[in-house]
Protein chains: 2
Amino acid sequence: MRIVLDTMGGDQAPQAQIKGAVQAARAYGCTVILVGPQDRIAAELARYDTTGLDLPIVDAPDSIGMEEHPAQAVRRKLASSHVVGLRLVRDGQADAFVSAGHSGATMAGALFVLGRLSNIDRPALAGFFPTLDKPVLVLDMGATTDCKPEYLLQFAQIGSVYAERAMGVRNPRIALLSNGEEANKGNKLVQEAHALLRESTLNFVGNAEPKDLLINKTCDVLVTDGFSGNLILKMGEAVVSFGARKIRNEFRRRLVLRVLLCLSPTLALAFLPGRGRWRGPVGALFGGLGLVAATLVPLLRVQHEIDYRAYGGVPLLGVKGVTIITHGKADAYTIQNAIRQADEVARAGIIAGMAAALEPASVNDTTNHRGLA
Amino acid sequence: MRIVLDTMGGDQAPQAQIKGAVQAARAYGCTVILVGPQDRIAAELARYDTTGLDLPIVDAPDSIGMEEHPAQAVRRKLASSHVVGLRLVRDGQADAFVSAGHSGATMAGALFVLGRLSNIDRPALAGFFPTLDKPVLVLDMGATTDCKPEYLLQFAQIGSVYAERAMGVRNPRIALLSNGEEANKGNKLVQEAHALLRESTLNFVGNAEPKDLLINKTCDVLVTDGFSGNLILKMGEAVVSFGARKIRNEFRRRLVLRVLLCLSPTLALAFLPGRGRWRGPVGALFGGLGLVAATLVPLLRVQHEIDYRAYGGVPLLGVKGVTIITHGKADAYTIQNAIRQADEVARAGIIAGMAAALEPASVNDTTNHRGLA
């Protein structure tokens, strides 16, 4: 597969981008097309041994900054890495586009250059939420904040294809995010989308609350509007950060007093008369170190697992081409992973699958439904 | 103050209710009017020494079950503890109503019996979110899932009065829940409500994301529609529960191997030749116990603090009377706290304050705004 990488997007661009591209080309044998200012890329690339790797450079002298208006920028800056890169996908010269840059510009560029799939009204960002089991695909995570019930049905259709082809889930279970499991729970949008999903040919399992997503794992794909999807993502991040700070603050309270209290029995032991005094404190040290290790190892494992997943690339679904958006803080390892993901998704043939799932026959019965308005 | 307590609502009713009422009457010197089946209450009350306490019983032979349709039940069951209790507030024979029962029935009953304040279109449930500083009042937590921008303005007006009078916050900072701080972020409802709030006389500080609520503490009152408010509450609970389970599962992995590894240096110490062998293991034990104590104390403090706040009663705002909804799992201590809260809120004169804040003069300029539809 031929993956286009936007080398100018992200906090560590282009260093992390080029390093990640070299690693990915070596590890997965794919072609990585490096888009950006030719000279800078060539200079950076010269630092690596690229013998036998396919890393063509396509010049794109311009780039889109974080402060620019996405839709205006992609229409005006035709020589930007976003537009040049996406055009390669549109023209069949590449199979997927990866960017760690301005995510709004990537979305706007994908809509402007690649265009929407037929029978898709709005695109959706699909994110992966860690659960007690496998990650769940949640869409939309923020591409379309105001949704009509039909959009949610379309998100379910494309999410189902993505889960089946790119994640290997057979007959994916689709749920609708709500604040209660019963069909009559939720706002008007949720209630109307629930009816559409129940009538569809999808494997719809009903409404899911946040606890069903993270803990009970009642679904493989969770559908929601972009506002709610973005809100639960940000709430999740905020609660984790809040918990960590709250615990840290509490540990710092009367720290000296607590340490002295904890050390007192050990110190007493050291001053007891008799032979082998050193054994007491050494034992305390070993006991303490052992306990710290036994505590830290599982905690670090949990942190690693949640971090790793959060750093996976996020596909933009509903456009005519594979587009993966990675985190602005992406390092070389994240870029490498995003390229691997793009490679896998491009191989899975999701675009053809989605086009088939969105055939008029399967959405015809929804045309007489109204949105919120 | 005279607080009406629904003795038939909640998992531990009426035992926890009666015990909490006795404790509250003794601790705060308030009158607690016990509403429910007279004989059961009298029998339960006979178990306590109530000398000098004011605990009148008002008979309400009927009660509303969790499976009943709230609005229909309150209209039909006029002898239920909900309806009888709320009528006492309406008729001026009591100052507040507290229930741990069917919260839908309490809301429906409050609307049916007490009625809405003038210039309030919909009621709001106001919850308290723990933060790194003082709790933040969030409304609506689920009473009104589909909101128009004007409702959010009204929630801000009554929330501001509640924070000022019942929580003692001077000139409360009002924020609007969104998925981004900028004024153009959020869905259409948020954007329109943002404009209304900016034009109002309230101390509006702009949009707030979940991290602003929990960590940065940029506001005292956070306004949102009932669907989003309920969603972030449930997401918060789910993430805490998910984190706890994830860590527990990780601790259980290869438990025997890890324990043996941690104990090995200590055991080695015990088998070293020489005098005072016992000191090594005893030191290890002391060191380990000290460390466990030093770790557990702050964690338990955090747990207690979050739990305690979550168990505070939740006021229903926008109706003509003080109504406090407590958790269905409420024990006597929670009931006692809810009665204290009702007593404080009734004293604070929030109903008069809200009526004044909602005077036509302060909302007149909003009548030409449209809702979502």
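User: Between which helix and which strand of chain B is the loop that holds Lys217(B)?

Analyst: In this predicted model, Lys217(B) is a residue other than glycine with a positive phi near 55°. The loop in which Lys217(B) has its place runs between two elements of chain B, namely helix H8 (210-216) and strand S9 (221-223).

User: Is Lys217(B) buried, partly exposed or exposed?

Analyst: A residue is called buried if 20 or more other C-beta atoms lie within 10 Å of its own, and exposed if there are 12 or fewer. Lys217(B) has 16 C-beta neighbours inside 10 Å, and therefore counts as partly exposed.

User: Which two residues does the cis peptide bond with omega of about -5° join in chain A?

Analyst: Most peptide bonds are trans. In chain B, a cis peptide bond with omega of about -5° joins Ala13(B) and Pro14(B), and Pro14(B) lies in the loop between strand S1 (2-6) and H1 of that chain. In chain A, the proline concerned is found in the loop between strand S1 (2-6) and helix H1 (15-28), and the cis bond there joins Ala13(A) and Pro14(A).

User: How are helices H1(B) and H12(B) oriented to each other?

Analyst: H1 (residues 15-28) and H12 (residues 332-347) of chain B pack with their axes 7 Å apart, at an angle of about 50°. Their contact is made by residues including Ala16(B), Gly20(B) and Ala24(B) of H1(B), together with Ile335(B), Ile339(B) and Asp343(B) of H12(B). H1(B) passes H12(B) in a right-handed crossing. Angles from 65 to 115 degrees would count as roughly perpendicular and those under 35 as roughly parallel, and the two helices are therefore oblique.

User: Which residues have the most contacts inside the largest nonpolar core?

Analyst: The largest nonpolar core has 210 residues, and another core, of 8 residues, lies apart from it, with Leu269(A) and Leu269(B) among its members. For one of the residues asked about, Ala96(B), the contacts beyond four places away in sequence include Met1(B), Val89(B), Ile324(B) and Ala346(B). The residues with the most contacts inside the largest core are Ala96(A) and Ala96(B).

User: How far apart do the C-alpha centres of domain 2 and domain 3 of chain A lie?

Analyst: The domain assignment of chain A gives domain 1 (2-120 + 318-355), domain 2 (129-232) and domain 3 (254-307). The C-alpha trace of the chain spans about 90 × 60 × 35 Å along its principal axes. Between the centres of domain 2 and domain 3, the separation is 47 Å.

User: Which helix gives the most residues to the side of chain A that touches chain B?

Analyst: The two chains meet through 62 residues of chain A and 62 residues of chain B. On the chain A side, helix H8 (210-216), helix H9 (226-252), helix H10 (255-271) and helix H11 (279-310) each supply at least two residues. With 19 residues, the helix that gives the most is H9(A).

Conventions: Residues numbered from 1 in each chain as written. Chains lettered and ligands numbered in written order. Predicted model: local features only at pLDDT ≥ 70, side-chain atom pairs only at ≥ 80, totals over all residues. Core = buried A, V, L, I, M, F, W, Y, C linked by C-beta atoms within 7 Å. Contact = placed C-beta atoms within 7 Å. Domains from an automatic or database assignment. Axes fitted to C-alpha atoms, helices over the stretch in contact; angles between N-to-C directions. Helix = DSSP H or I, 4+ residues; strand = E, 2+ residues; numbered from the N terminus. Parallel < 35°, antiparallel > 145°, perpendicular 65-115°, else oblique. Left-handed = near helix turned anticlockwise from the far one by under 90°.
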